[in-house]
Amino acid sequence: MFEVFSRSYYLGRLYVTPTDEDRAFMHSDQHERINEHVYATGDGLERLDSPLVMKLESRHFPVHGDESVPANTLAVPESMLEETDVRNPPSLREVFLARRERAQQLLSFAGGWQPPGVESADDPSSGDDVPNAGT
């Protein structure tokens with residue numbers, strides 16, 4: 001589903017569709033699987049329902065799991081879609097998934113969630129060595 005793009009992101013293609021909710025969602029099983037591959041450290045029990053951080057065009061946002069969202073689909077608030085080039089949804093689009101360290105950095109700006117097991121975005125020991133997430 002996602003492949004390595006850079007030191008900060010994975011790149012994937014998802015169908016982007018609007019939701020009348022105020023936050024973004026993807027199918028809960030895929031959300032959990034990606035969360036386990038990308039954000040979990042493998043040390044002890046870890047939450048797999050933490051939000052994923054994705055980027056559509058130039059906007060970053062947290063993504064939560066929801067069973068009602070079809071597989072391979074990213075449901076984003078209608079107001080967010082208005083700010084993009086997405087026309088005639090659902091539309092297959094490239095989406096970036098922030099790696100563990102990048103997600104921590106982005107969410108710290110918003111005062112949000114911190115991925116488990118990550119001490120600092122500058123900590124070289126917290127490397128992300130997952131080659132392809134969610135595949």
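## Close-up views of a predicted model

**View 1. Phe5, Tyr9 and Phe96 form one aromatic cluster.** The model shown here is predicted. A pair of aromatic rings is described by the distance of the centres and the angle of the planes. The count of aromatic pairs comes to two. One of them joins Phe5 and Phe96, with 4.9 Å from centre to centre. Their planes stand at 70 degrees, and the pair is edge-to-face. This pair links distant parts of the chain. Phe5 sits in the loop between β1 and β2, while Phe96 belongs to strand β7 (residues 91-98). The two are 91 residues apart. Phe5 is partly exposed, at 47% relative accessible area.

**View 2. Tyr9 and Phe96 pair edge-to-face.** Here the ring centres are 5.7 Å apart, and the angle between the planes is 70 degrees. Planes over 60 degrees apart count as edge-to-face, so this pair qualifies. Tyr9 lies in strand β2 and Phe96 in strand β7, 87 residues apart. Again, distant parts of the chain are linked. Is Tyr9 buried or exposed? Tyr9 has a relative accessibility of 10%, so this residue counts as buried.

**View 3. Arg93 and Glu57 meet in a salt bridge.** Side chains of opposite charge can pair when their charged atoms come close. The structure holds two salt bridges. In the bridge between Arg93 and Glu57, the N to O distance is 3.0 Å. Arg93 is in strand β7. Glu57 is in the loop between β4 (52-56) and β5 (59-65). The pair links distant parts of the chain, 36 residues apart. Glu57 is partly exposed, with a relative accessible area of 29%.

**View 4. Arg59 and Glu83 meet in a salt bridge.** The N to O distance is 3.0 Å. Arg59 belongs to strand β5, and Glu83 to the loop between α2 (78-81) and β7. They are 24 residues apart, and the pair links distant parts of the chain. Arg59 is partly exposed at 35% relative accessible area. Glu83 counts as exposed, at 55%.

**View 5. A patch of negative charge gathers on the surface.** Which residues make up this patch of negative charge? They are Asp20, Glu21, Asp22, Glu78 and Glu82. Asp22 is found in the loop between β2 (9-19) and β3 (24-26). Asp22 is exposed, with 72% relative accessible area.

**View 6. Val4 and Leu97 are 93 residues apart along the chain.** Their C-alpha atoms are separated by 9.5 Å. Val4 has its place in strand β1 (residues 2-4). Val4 counts as partly exposed, at 43% relative accessibility.

Methods. Residues numbered from 1 in each chain as written. Predicted model: local features only at pLDDT ≥ 70, side-chain atom pairs only at ≥ 80, totals over all residues. Heavy atoms only, no water. Patch = residues over 30% accessible without salt bridge, like charges linked within 9 Å, V, L, I, M, F, W, Y side chains within 5 Å. Areas by Shrake-Rupley, 256 points an atom, 1.4 Å probe, with all protein chains shown as cover. Salt bridge = Lys/Arg side-chain N within 4 Å of Asp/Glu carboxyl O. Lys, Arg positive; Asp, Glu negative; His and termini not counted. Charge placed at Lys NZ, Arg CZ, Asp CG, Glu CD. Helix = DSSP H or I, 4+ residues; strand = E, 2+ residues; numbered from the N terminus. Buried < 20%, exposed > 50% of the residue type's maximum accessible area, 1.4 Å probe, protein only. Phe/Tyr/Trp six-rings, centres within 6.5 Å; stacked < 30°, edge-to-face > 60°.
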